Amino acid sequence: MCAPAHRPRPLKRSQPTKLILPDLVSHCSFKLRCNRHKKAITKETKRWLFKDGNLLGQKREAYHGLKAGLLVAQCYPDAAYPQLRVVNDFMTYLFHLDNLSDLMDNTGTRTTADEVLNSLHYPHTWNTSARVGKMTRDFWKRLVLTASPGAQQRFIETMDFFFQSVTQQASDRANGVIPDLESYISLRRDTSGCKPCWALIEYANNLDLPEEVMDHPVLRSLGEATNDLVTWSNDIFSYNVEQSKGDTHNMIPVVMNQYGVDLQSAIDFVGDLCKQSIDRFNEECSRLPSWGPEIDRQVAIYVDGLANWIVGSLHWSFETERYFGKFGMEVKEKLSVDLLAKRKAGQSQQKSKCRQSQSPQDHYTQSYDTIQTSSSSASPHSPPNIYSTSISHSSLSLSFYSGYPCPSQTSQSTSTCFQPNDGGTYSLGLVV
Ligand SMILES: [Mg+2]
């Protein structure tokens, strides 16, 4: 992403009560399609997710309102059933990562990132009793049956980036830090969880593309433009719920803070950036080189897969109950929503554990459960060559041990400390 071409002009307005959303659906000319296996994967993934008593009560209700199966069916419209099922399992699990992690394993010393990354790297030897680890191994063993080595590597590498970035996000949140726009954009491209989903485009469509092609500047730019559109539009759509919780990992408060503009000006600004991302995608499509007939055929499918994500996620955002409750279709038409009242400190966690009744506004906040992380650190006790990251109540550490087979970062170690200001709770999962 380049620096924005223009800055929003500071405007002083009275406290807003409504948000006007940009019309991104009209700006997108890609055809919306839906995979014919949507119903089947929704049913089977539900069975998989709820197995062994996972997610009870209102968390199960929130599953239905999320409509992950619809998102996956619209973003991977041509995938065959086995691949679509794996993608849906993964996406659903990623949305629920915080809920699936809260029991962890019996020792309480391994973090979610440890479990997931070790399960991906060592699916046949990593011994775990944690359900998030077992679920990771389960979908991964099915995925590797047909995924190309390159797609597997890109998936693991970008999942690693995902965990690194959400760790940074947790630190920012705990410190009440609102990053500058450039830093935020860089971090957001990983916290979005989009990059592993791009590797799944390869998997879902049985592509086998060499690294030098996937690493071509035009293809990278296409992936980045898609990531930007999906995540920035999500920041607009999810802003209302997030601001009510005081969550600042969102481009709207970042822009407000950086340029000193009011809320609506920031939404308009981010909306323009979203439209520019779609324009960028279209321009990059015309710059694609040729690698010969077979590679070109596969590249066309991959690029089409990115376009499916643009149009599929935009429409899904109004179908899911995650952002606008049951009023999504109305919001899609009117492009106007009432600003939610801010919650008091500590209200979020209390509600997530004990919600007796729900107002219409409360309804679509129920998927925002938080986790209470383990208070112990795994790092000093982890075996060599094992990825380890931990978040505790008093410190955050992120370590890579020498020899860990991470393609881009084989040996480094960083650590930082923070004091959480919200009772020691952090969100983990797709930041959307
Ligand atoms: Mg969001």
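The model is predicted, and local features are considered at a pLDDT of at least 70, side-chain atom pairs at pLDDT 80 or more, while totals for chains, interfaces and linings use all residues. Residue numbers start from 1 along each chain, following its sequence as written.

The protein contains 20 helices and seven strands; helices (H or I, at least four residues) and strands (E, at least two) are DSSP runs, numbered from the N terminus. Of its 432 residues, 46% count as buried. A residue is buried if 20 or more other C-beta atoms lie within 10 Å of its own, exposed if 12 or fewer do, and partly exposed in between, with C-beta atoms placed from the backbone. Two residues are in contact if their C-beta atoms, likewise placed from the backbone, lie within 7 Å. Among contacts in the protein with a separation of 6 or more, 75% are between residues 24 or more positions apart.

Two helix pairs were examined by their axes, which are lines fitted to C-alpha atoms, for helices over the stretch in contact, with angles running from 0 to 180 degrees between N-to-C directions. Helix 2 (residues 38-50) and helix 5 (residues 81-95) cross at roughly 50 degrees, and their axes come within 9 Å. Helix 2 and helix 5 are therefore oblique to each other; angles under 35 degrees count as roughly parallel, over 145 as roughly antiparallel, 65 to 115 as roughly perpendicular and the rest as oblique. The crossing of helix 2 and helix 5 is right-handed. A crossing is left-handed if the near helix is turned anticlockwise from the far one by less than a right angle, and right-handed if clockwise. Helix 2 contributes A40, I41, E44, T45, W48 and L49 to the contact, and helix 5 contributes Y81, L84, R85, N88, D89 and T92. Six of the residues in this contact of helix 2 with helix 5 are nonpolar, three polar and three charged. In this division Ala, Val, Leu, Ile, Met, Phe, Trp, Tyr, Cys and Pro count as nonpolar, Asp, Glu, Lys and Arg as charged, and the others, Gly among them, as polar.

In the second pair, helix 9 (residues 149-175) packs against helix 10 (residues 181-191) at an angle of about 130 degrees, with the axes 7 Å apart. Helix 9 and helix 10 are therefore also oblique to each other, and the crossing of helix 9 with helix 10 is left-handed. The contact involves F161, F162, Q164, S165, V166, Q168 and Q169 of helix 9, together with L187, D190 and T191 of helix 10. The contact residues of helix 9 and helix 10 comprise four nonpolar, five polar and one charged.

Helix 4 (residues 68-75) is mostly covered, with seven of its eight residues buried. The buried residues are A68, G69, L71, V72, A73, Q74 and C75. Their cover includes helix 2, helix 3 (58-66), helix 5 and helix 16 (293-319). Helix 13 (residues 217-245) is likewise mostly covered, 23 of its 29 residues being buried. Helix 13 bends by about 60 degrees at Y239, the bend at a residue being the angle between axes fitted to the seven residues ending there and the seven starting there. Just after helix 13, G246 has a positive phi of about 80 degrees.

V303 lies in helix 16 and is buried, with 20 other C-beta atoms within 10 Å. The C-alpha atoms of V303 and L219 are 8.0 Å apart, at a sequence separation of 84 residues. Apart from neighbours within four places in sequence, V303 contacts L222 and C285.

P8 is located in the segment before strand 1 (18-20) and is buried, with 21 other C-beta atoms within 10 Å. Its C-alpha atom is separated by 9.7 Å from that of V270, 262 residues away along the chain. Residues up to four places away in sequence not being counted, P8 touches V255, Y259, V261, S265, A266 and F269.

N206, with a phi of about 55 degrees, is in the loop between helix 11 (194-204) and helix 12 (211-214). N206 is partly exposed, with 16 other C-beta atoms within 10 Å. L335 also has a positive phi of about 55 degrees and is placed in the loop between helix 18 (328-334) and strand 2 (336-338). L335 is partly exposed, with 16 other C-beta atoms within 10 Å.
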